[in-house]
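Me: I want to know what stands behind the labels used for this fold. Please take them one at a time.

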Amino acid sequence: MAKIKIIAATGCPTGIAHTYMAQEALEQAAQKHDVDIKVETHGQIGIENELTEDEIRNADCVIIAADKDVEAERFVNKRIIETSVGNGIKNADQLIEDAINGRGKVLYPDDSIDSKKEINESISKEKVSNTDIKENKSSSRKVYNHLMNGVSHMLPFVVSGGVLIAISFLFGIYSSDPTSDQYNQFAHLLNTIGGTAMGLMVPILATFIASSIGKQPALVPGFVTGMLCVQGGSGFLGGIAAGFISGYIVLILQKSLKNMPKSLDGLKAIFILPLLSVFVSGTLVFFLNVPMNSINTSMMDFLKSFEDSNPILLGIIVGCMSAFDMGGPVNKAAYVTGTALLAQGNYKFMAGVSAACIVPPLATGFAVLIFKNYYDKDEYNAGLVNFILGSTHITEGAIPFAAKDPIKMIPSLMVGSSVAAALIYIMQVEVPAPHGGFLVLPVVNGGLKWVFAILIGSLVSALMMGSFRKHSIERGKNDTTK
């Protein structure tokens, strides 16, 4: 009797460790059950161990253990068992058993009559598996996967760009300005390259959210609407909305155009679909930018009105705004206000803003250290990386942590950022640089106080985040034992 052939694809949002842990767990489980398996990994360095067309064609079952897009539409007429990457690690044995026992769903049937008959027979025999934990039916999980696909592709742009900008400030606060006495060509080069990378953050986010939904046809409208968000000032939150709008517009258009003659497929692919999708999604995002930009302007005016008010109240407002969307329009309203006041010689306001922006990534690092047993290896590694990102004023490093449980994590980060900002305003610290994190410490007036406040705020957020995580995991364990 021939061995059952299983193929699998694994992937996690950051692509650092979990992807490969799931691969190893599935391979070990397959060896234990004496079946053949090949696992394709979708890590941060790209696709490895890529599945060939022959391997897909000859496979008896497909296991997808991923929290991001792994191009599942390739698996036409194949039974697919779809679950999270974490479940791929914890329940690899059960997943292999499910594959052996004929479980799974044909998610991508082709149009042939024979195939439809075969699929109907397969569905009629289908069994429900506990390892699926209802994830195939969960629309919220699909939304999460689309979002994480965008975030995972965005992060390298944020990291590389933010660090280069921060390093440029080592040569002087105005070292990248050709009109300044501090001007340095190399610093200008670093700032220009870093600024370009950071400027692509929102378009890349929108592009890969869209492509996760609408596949390759959604790449163009996703990127265009992402650029519109940059130009229109709707930022990170606008990019998320643009990605989902573009992706679903492409799906709607594809469904509307499916009855076009086959002879026009080429024209539809390179002309009709791109033209309509860019126009429709671009128009929606263009008008979405108007209210979001108005909100940003109102927030900036609101902040300026508190410039000389109670330091604790100002700290709470700045802290909450900076940590609310971590690089989005609310965060940017506080940041741009601080930058504008710098030009007027007010260095105190920016001191609180920069601290509030540094706290979220540092908090995730402290959280994974203090509550190590409640975070998986992938999250632990990402948290450690966030020490570097936070130290260089890259708030976006905290986004993957916040996205997993926004109802609890975002308020936790807002509290820590508010504590840090309030302490800084009370101690009247001054920061004359708009960016750079701890790299600009030499020019900070009250540098030790500034670092102290940031550490206190980070630890407050870390303790809150870790406590929520601990409670959630222990409650889950208790539920499963009942």
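Me: What describes the packing of helix H14 (residues 348–370) and helix H17 (residues 406–427)?
Reply: An angle of about 145° and axes 8 Å apart. Axes are lines fitted to C-alpha atoms, for helices over the stretch in contact, and angles run from 0 to 180 degrees between N-to-C directions. The crossing is right-handed. Helices (H or I, at least four residues) and strands (E, at least two) are DSSP runs, numbered from the N terminus.

This is a predicted model, where local features need pLDDT of at least 70 and side-chain atom pairs count only at pLDDT 80 or more, while totals for chains, interfaces and linings use all residues. Residues are numbered from 1 along each chain as its sequence is written, and side-chain values use heavy atoms, with hydrogens and water left out.

Me: Why is strand E2 (residues 36–43) called largely enclosed?
Reply: Buried means under 20% relative accessible area, exposed over 50%, partly exposed in between (1.4 Å probe, protein chains only). In E2, 6 of the 8 residues are buried, so the rest of the structure largely encloses this strand.

Me: How do you know that E2 pairs with strand E1 (residues 5–11) and strand E3 (residues 46–48)?
Reply: Two strands pair if DSSP finds at least two bridges between them. E1 and E2 share 7 bridges and run parallel. E2 and E3 share 3 and run antiparallel. Ile6 has Ile37 of E2 as its bridge partner, and His42 has Ile47 of E3. A hairpin of 2 residues joins E2 to E3.

Me: Why is Glu71 called partly exposed?
Reply: Glu71 has 34% relative accessibility, so it counts as partly exposed. Glu71 sits in the loop between strand E4 (61–66) and strand E5 (79–83). Its phi is positive, about 60°, although Glu71 is not a glycine.

Me: His393 also lies in a loop, between helix H15 (377–391) and helix H16 (399–404). What makes His393 buried?
Reply: Its relative accessibility is 6%, so His393 counts as buried. Phi of His393 is positive too, near 65°, in a residue other than glycine.

Me: Which residues does Met465 touch?
Reply: Ala363, Thr364, Ala367, Tyr375, Phe401, Met409, Ser412 and Leu413, not counting residues up to four places away in sequence. Contact means heavy atoms within 4.5 Å.

Key. Left-handed = near helix turned anticlockwise from the far one by under 90°.
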